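The sequence and structure come before the details.

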Amino acid sequence: MKSFSAKNEQLAALLSDLAHPACEHGIPTDWLCIDHDAQAVELTFPFAIEKSSLLNAINDDAELRTWTWTIKFQVQRLANSKPDQPMKTGNVIVVSSGKGGVGKSSVSASLGIALSRMGARVGLLDADIYGPSIPTMLGQPDHKLEVKNDKFQPIQYEDLVANSIGYLVDDNDATIWRGPMASRALQQLFNDTDWGLLDYLIVDMPPGTGDIQLTMAQQLPVTGAVVVTTPQNVALKDAEKGVGMFERLEIPLIGVLENMSYFECGHCGTQSHLFGQGGGLKLAHRHAVAELGQWPLTPEFGAQLDALQKQHQLELTEIQRHTAQRVVAELYYLKSHSAKN
């Protein structure tokens, strides 16, 4: 017999106590459907979920593991900054940084790949005209875009679809464009790509907070933003400008991700904080947003992003996968909370 009862509340409370990024804000009872006769539970999330890690956490709980679990998700399309436009690209998450060189593009690629491996339908838009890195990172730097039915056909990496300004123009040509020209090209890339039906579109924004960034943030139907920084003071000052830009534009800030937080010795495990310590966490606390993760400086991951390595699958760390989970979970709760207020 299927029902919503006190058992729903009990199981929801146990799930909410799990050390898993999808459960940090609690589990509502209406996400659960219990079959008492079969001792089975169906749990449906409104955002992408990393099923394997959640099932591992469930199996570590003495009471939860006595039930048979089916974990599903159906991504909810959340309100964005352009409510008058049709929601063609799902939830648009822009990844931004106040300055270049903080690993924003590798973060964007990692988030996109991690979410697609969860089973979500994900697109990746490389809007960084100053240094489009996604073609190299996905191993197709010389790809020429095809046009079908007046739409650019995105490339595919595993189940991730992607498009980049780097496929349209030579790098040196793009970097000398004036703001209006660059903004029009990026809007065209967004609007004229055949993305298909997406749950999430990750946008690798140009670094900085100038006219191009402002225009892109204002013109795209943005659902939420992630700001990437390193612990260095100069990076944090620029990241502060990025946070301020989204606040002024009233675009919800999902959180701050601190990249290159430390280097961990492969022999002894000692962590060395090469660029300072805790700056991203302080920035997140100062603006009352989530601290989405502290990613180490990992030479092996950088080597995998080399195009020559693309015959092998890109290996994501547990930290990267958990950050992707936190991003979509925080985005859902952020938008749900604002809708209720």
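In this predicted model, helix α7 spans residues 211–219, and its buried residues are I212, Q213, M216 and A217. These residues lie on the same side of α7, because they cover an arc of only 125 degrees around the axis. An α-helix has 3.6 residues a turn, so residues three or four places apart point the same way.

The unreviewed UniProt entry places a "binding site" feature at G98, K99, G100, G101, V102, G103, K104 and S105. Among these positions, K99 sits in the loop between β5 (91–96) and α3 (104–117), and G101 is found in the loop between β5 and α3 as well. The table sets out the exposure of these two residues.

| Residue | Relative accessible area | Class |
|---|---|---|
| K99 | 26% | partly exposed |
| G101 | 70% | exposed |

K99 counts as partly exposed because its relative accessible area, 26%, falls between the limits of 20% and 50%. G101 counts as exposed because its value of 70% is over 50%. Neighbours within four places in sequence aside, K99 is in contact with P207, G208, V234, A235 and D238.

Which residues line the second largest pocket? The lining consists of Q85, P86, K88, T89, K151, F190, N191, T193, D194, W195, G196 and P221. By class, the lining residues are four nonpolar, five polar and three charged. The space in the second largest pocket comes to about 220 Å³.

Note on methods. Residues numbered from 1 in each chain as written. Predicted model: local features only at pLDDT ≥ 70, side-chain atom pairs only at ≥ 80, totals over all residues. Heavy atoms only, no water. 1 Å grid on protein atoms, 1.4 Å probe; cavity = no way out; pocket = protein on both sides within 12 Å on 5 of 7 lines; lining within 4 Å. Points joined across faces, edges and corners; volume = space filled by probe spheres on them. Nonpolar A, V, L, I, M, F, W, Y, C, P; charged D, E, K, R; others polar. UniProt positions renumbered as here; feature names shortened; annotations may be inferred. Helix = DSSP H or I, 4+ residues; strand = E, 2+ residues; numbered from the N terminus. Buried < 20%, exposed > 50% of the residue type's maximum accessible area, 1.4 Å probe, protein only. Contact = heavy atoms within 4.5 Å. Arc of directions from axis to C-beta.
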